[in-house]
Amino acid sequence: MSHRVCFVCPHIYGYFNSSVGYTGGGAERQIYLMSTHLSDTFDVHVVVGDHGQPALEKREGVTLHRAYPLTDRKNIFQPIKHFWLLGRAMQRADADVYIHRGSPRNAAANYLWARMLSRKWIYNIANDANITSRPRSLAWPLRALFAHAIRNADGLIAQTTHQQTLLQERYDVSSTVVPNGYPLADCYPPFEEREFFLWVGRLNQDQKRPHLFLDVAEKLPEKKFELIGPKGDDDEYVEHLMERIERLENVEYRGTVSPDQISEYYKRAVALVSTSKYEGFPNTFLEAWRVQTPVLSLSIDARRYIDIEDYYSGYCEGRLGNIISGCKRIYESEKCWGSFSSRSRKIFEFSLSISSSAEKYSNAINYFV
């Protein structure tokens with residue numbers, strides 16, 4: 001009899017039901033892909049947010065349990081209410097093991113309920129910061145509970161060997177590495193169909209830094225640039241970005257694009273340009289590589305995810321000038337672009353497909369449970 005596995009991921013529901021008009025980010029996208037792929041192996045359940053749907057639903061082979069609404073943040077009793085509704089949904093799922101992939105704050109609450117239900121608990125690291133900076137921002141009781149949860153988890157799943165090392169160094173615990181995965185593509189548009197340089201992410205100043213993408217666009221006025229992503233919470237920063245975009249004739253902002261349509265932008269891109277300061281395992285890289293689109297990354301070395309020493313990863317060593325020269329080189333040389341792009345696709349298909357990642361995830365669950 002297969003294990004009953006429950007992912008706890010309140011912001012995921014929009015991936016199962018696009019009519020609600022709300023989807024989470026990369027971590028939620030990965031849990032959606034993984035949960036649907038694993039439903040052939042396990043009895044898969046997911047605790048989701050309350051969007052007015054029934055308390056219990058089955059979609060794409062996965063059983064969904066409604067927890068709490070994501071919009072009642074002005075209620076002073078919201079943390080208590082959410083904690084209670086989370087527990088009710090987890091109890092209703094009645095899983096053998098609960099898996100959380102998200103913030104340290106929510107991980108602590110999820111761990112507590114799993115232990116009160118006398119069930120096993122796995123923490124899946126979604127971002128380097130969930131090991132490094134974010135635990136320090138918690139109040140002392142939550143910080144202590146999170147550290148206790150990490151050290152006493154029934155299993156820990158890291159996205160990269162870098163995260164595995166961080167867990168060992170900071171918490172003295174071992175973990176299993178399971179990389180993110182993505183479905184294989186159905187076509188790979190050639191160089192002559194590529195039109196622009198692409199940036200994808202939330203318009204966030206501290207981590208994603210789209211203003212640096214605009215700096216690149218300013219230096220290459222003869223080339224086209226497109227940005228995709230939600231505006232985020234910093235109104236002043238976003239307003240400044242919009243003013244700059246309005247002045248740049250070679251830049252278009254496309255806003256938020258649905259997951260089922262965004263692949264068309266990757267297929268038309270000469271390259272994806274990443275200006276993120278830090279990441280866990282960016283879905284944007286996978287979405288690019290799967291359609292043979294190279295990645296030029298300012299601060300994130302893609303070799304962290306593919307673990308091949310002699311591979312030219314498009315890492316620009318924190319230098320904006322390297323991104324500018326990289327854009328020029330691959331835009332002006334089909335041979336250079338073709339060598340870079342085909343190598344990226346082959347590496348993706350060999351080790352980063354959703355089938356490959358799901359098999360590793362399944363083995364990890366069976367080992368821990």
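Biologist: Taking two strands as paired when DSSP finds at least two bridges between them, which residue of S6 does His-100 stand opposite?

Modeller: In this model, which is predicted, His-100 stands opposite Tyr-123 of S6. The strands concerned are S5, covering residues 97-100, and S6, and they pair in the parallel sense over four bridges. Another link between them joins Ile-99 to its bridge partner in S6, Ile-122.

Biologist: And the sheet as a whole, in what order do the eight strands come?

Modeller: The order is S3-S4-S2-S1-S5-S6-S7-S8, in an open sheet whose pairing is mixed. Strand S3 (56-59) and strand S8 (176-177) stand at the edges with a single partner strand each, so each of them has one side left without a neighbour in the sheet. Helix H2, residues 26-38, packs on this sheet and touches strand S1 (4-8), strand S2 (43-50) and strand S4 (62-69), with its direction at about 170° to that of S1.

Biologist: How many bridges does S1 make with S2, and how many join S1 to S5?

Modeller: S1 pairs with S2 in the parallel sense over five bridges, and Val-5 stands opposite Val-44 of S2 there. S1 also runs parallel to S5, with four bridges joining the two strands, and in S5 the bridge partner of Phe-7 is Ile-99.

Biologist: How many of the five residues of S1 are buried, and how many of S6?

Modeller: For S1, four of the five residues are buried, so that strand is mostly covered. S6 likewise has four of its five residues buried, so it is largely enclosed by the rest of the structure.

Biologist: Which side chain does the side chain of Asn-124 make a polar contact with?

Modeller: The partner is the side chain of Tyr-361, at 2.8 Å. Leaving aside residues up to four places away in sequence, Asn-124 touches Ile-99, His-100, Arg-101, Gly-102, Ile-157 and Tyr-361.

Biologist: Switching to the aromatics: how many aromatic pairs does the count come to?

Modeller: With ring centres required to lie within 6.5 Å, the count comes to 15 aromatic pairs. In one of them, Tyr-123 and Phe-146, the ring centres are 5.8 Å apart and the planes stand at 90°, so this pair is edge-to-face. The pair links distant parts of the chain, since Tyr-123 lies in strand S6 (residues 120-124) and Phe-146 in helix H5 (residues 140-152), 23 residues apart.

Biologist: Buried or exposed, those two, Tyr-123 and Phe-146?

Modeller: Tyr-123 and Phe-146 are both buried.

Biologist: And which residues form one aromatic cluster with Tyr-123 and Phe-146?

Modeller: The cluster consists of Tyr-111, Trp-121, Tyr-123, Phe-146 and Tyr-171.

Biologist: Last topic, arginines over rings: which ring face does Arg-345 lie over, and which does Arg-268 lie over?

Modeller: Arg-345 lies over the face of Tyr-188, at 4.4 Å from the ring centre, while Arg-268 lies over the face of Tyr-265, at 5.5 Å from the ring centre.

Definitions and conventions: Residues numbered from 1 in each chain as written. Predicted model: local features only at pLDDT ≥ 70, side-chain atom pairs only at ≥ 80, totals over all residues. Heavy atoms only, no water. Phe/Tyr/Trp six-rings, centres within 6.5 Å; stacked < 30°, edge-to-face > 60°. Buried < 20%, exposed > 50% of the residue type's maximum accessible area, 1.4 Å probe, protein only. Lys NZ or Arg CZ within 6 Å of the ring centre and 35° of its normal. Polar contact = N/O pair within 3.5 Å; in protein donor to acceptor, adjacent residues only side chain to side chain. Contact = heavy atoms within 4.5 Å. Pairing = 2+ DSSP bridges. Axes fitted to C-alpha atoms, helices over the stretch in contact; angles between N-to-C directions.
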